[in-house]
Amino acid sequence: MYLPLTRNTIVSPVYKGGLSSDVSNYRPISLTCVACKLMERIIVHDMLCYLMSHNLISKQQHGFLCRKSTSTNLLETLNDWSLAINQKKGVAAAYIDYAKAFDTVCHDKLCHKLAAYGIAGTLLQWIRSFLSNRLMCTRVGNSLSTNCELSSGVIQGSILGPLLFVLYINDIVDLFPEHSMCKMYADDVKLYTTIECENDYHLLQDKLDDVQRWSDLWQLNISYENVIL
């Protein structure tokens, strides 16, 4: 009888900020082997060459890509806003963040999107295998937790994980027409539009509603914070 190969991962929690006693304020970084990282590096290089040559990655994405960064994201936004202000127009913006975005990616839906981008055959099978049948335990100091199964998410701390997430969220830009702009850095989405009349505010709200429906479809949870005014 065939038994699926199980991949064991040790996770090192990295503190992000906030209350240190809250486990949600730690990023789970997987410690993978060197041989695996080398293989991932080769695959990422070839995938990026293919994706870039066919213009498949949105130009609005500034995360985990060569010659893109938070600075390029801000510079493009500043340019758009400056042009709007010089034309005596207003700007309305909405900032969207996804809760545990890397950890909640659905593997089946991710593979569906990869196939739509032309990633198929042996490579798609390898990626599916890379994501499936994974066990993880958390190491704190010299102590290890019990193993648990990873049923969703891309592997944080891996070479391939960031590119897989970029492709998973890539098509969100298709929701926005020319009068609404979108800039992204990984899972951080910035949506803005120029304001010339009151109806433009309603158009922005319509786009936010579209984002909510898109997020529900692809099982990504928008992070909400209660703000006391």
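Modeller: Contact here means heavy atoms within 4.5 Å. Helices (H or I, at least four residues) and strands (E, at least two) are DSSP runs, numbered from the N terminus. The model is a predicted one, in which local features need pLDDT of at least 70 and side-chain atom pairs count only at pLDDT 80 or more, while totals for chains, interfaces and linings use all residues. Residues are numbered from 1 along each chain as its sequence is written, and side-chain values use heavy atoms, with hydrogens and water left out.

The helix in question is H2, residues 70–86, with 17 residues. From its first C-alpha to its last H2 reaches 24 Å, close to the 24 Å expected at 1.5 Å a residue; the expected span is 1.5 Å times one less than the number of residues.

Burial is judged by relative accessible area: buried means under 20%, exposed over 50%, and partly exposed in between (1.4 Å probe, protein chains only). The buried residues of H2 are Asn-73, Thr-77 and Ala-84. They cover an arc of only 20 degrees around the axis, which puts them on the same side of H2; the arc is that of the directions from the helix axis to the C-beta atoms. Leu-75, Leu-78 and Asn-86, on the other side of H2, are exposed.

The cover over the buried residues of H2 includes strands E3 (90–96), E8 (180–185) and E9 (188–195). These three strands form an open sheet in the order E3-E9-E8, with antiparallel pairing; two strands pair if DSSP finds at least two bridges between them. E3 and E8 are the edge strands, each pairing on one side only. From one strand to the next, the twist averages 20 degrees; the axes are lines fitted to C-alpha atoms, and angles run from 0 to 180 degrees between N-to-C directions. Between E8 and E9, which run antiparallel, there are six bridges, and Tyr-185 has Asp-188 in E9 as its bridge partner.

The two ends of the helix remain. At the start of H2, a side-chain oxygen of Ser-69 comes to within 3.2 Å of the backbone nitrogen of Ser-71. Just after H2, Lys-88 adopts a positive phi of about 65 degrees.

Technical notes. Polar contact = N/O pair within 3.5 Å; in protein donor to acceptor, adjacent residues only side chain to side chain.
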